[in-house]
Amino acid sequence: MTDTARQRPDWQTWPNLITLVRFLLIPVFIGFVVSGHPGWALVTLVVLGVSDWADGFIARRFDQGSKLGKALDPIADRLAIIAIVLSLVLVGLLPWPSVAIIVLVDAVLALLSGLWFRGNPDLDVTWTGKVRSALLFVGLPLLLFSSTSWASQHDWIRVLALVFVWAGTIGHVIAGVQYARALAAKHRAVARTA
């Protein structure tokens with residue numbers, strides 16, 4: 001294989017394709033929840049969660065990381081979490097304070113990114129952010145599952161789901177604080193070199 005054949009544009013990677021699929025699955029999930037199809041919504045949510053893990057794994061394992069992927073992955077995570085949480089609130093499965101906290105954190109981070117970096121600050125995703133996503137991607141499907149006809153007979157399933165969701169919400173706040181500190185540090189470093 002020649003060097004030219006091995007070279008590919010930075011955006012042309014499997015992880016970026018998987019991230020694109022995640023973006024496309026978000027409105028599909030919302031449609032299933034709102035139209036009263038919790039089983040299909042649950043399947044879509046599981047695919048979202050697996051794809052979140054898969055794009056990072058493939059990027060690291062096969063050296064397919066890219067600037068575009070680094071920018072899109074956290075955006076896809078945030079959009080998925082916000083869309084999922086809002087749709088579950090809309091149908092009465094999730095308490096609204098969790099949504100308010102998540103949206104507020106993301107709004108502050110988006111504002112800081114926009115003011116200081118005109119959008120993308122090019123920061124790595126933290127372990128706290130990954131743990132937060134994992135907690136929410138366990139809690140939210142479990143919450144959705146708790147609304148099915150079989151699971152709704154077992155109150156402990158909903159309680160367990162809410163424990164995961166609130167732990168993920170707290171993790172979202174912690175990850176947001178870490179990200180805001182990293183934004184501020186990078187902003188100061190850029191200002192010093194300017």
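Helices here are DSSP runs of H or I with at least four residues, numbered from the N terminus. The model is predicted, so local features need pLDDT of at least 70 and side-chain atom pairs count only at pLDDT 80 or more, while totals for chains, interfaces and linings use all residues. Residues are numbered from 1 along each chain as its sequence is written, and side-chain values use heavy atoms, leaving out hydrogens and water.

**View 1. A cavity lined by helices H4, H5, H6 and H7**. Searching the whole structure turns up one cavity of 30 Å³ or more. A cavity is a set of points on a 1 Å grid over the protein atoms alone where a 1.4 Å probe fits but cannot get out; lining residues have an atom within 4 Å of a point.

**View 2. The largest nonpolar core**. Such a core joins buried (under 20% relative accessible area, 1.4 Å probe, protein chains only) Ala, Val, Leu, Ile, Met, Phe, Trp, Tyr and Cys residues through side-chain atoms within 4.5 Å. H4 brings the largest share, six residues.

**View 3. Around Leu140**. Beyond its neighbours within four places in sequence, Leu140 is in contact (heavy atoms within 4.5 Å) with Leu45, Ile84, Val85, Leu88, Leu94 and Val165.

Terms used
1 Å grid on protein atoms, 1.4 Å probe; cavity = no way out; pocket = protein on both sides within 12 Å on 5 of 7 lines; lining within 4 Å. Points joined across faces, edges and corners; volume = space filled by probe spheres on them. Helix = DSSP H or I, 4+ residues; strand = E, 2+ residues; numbered from the N terminus. Buried < 20%, exposed > 50% of the residue type's maximum accessible area, 1.4 Å probe, protein only.
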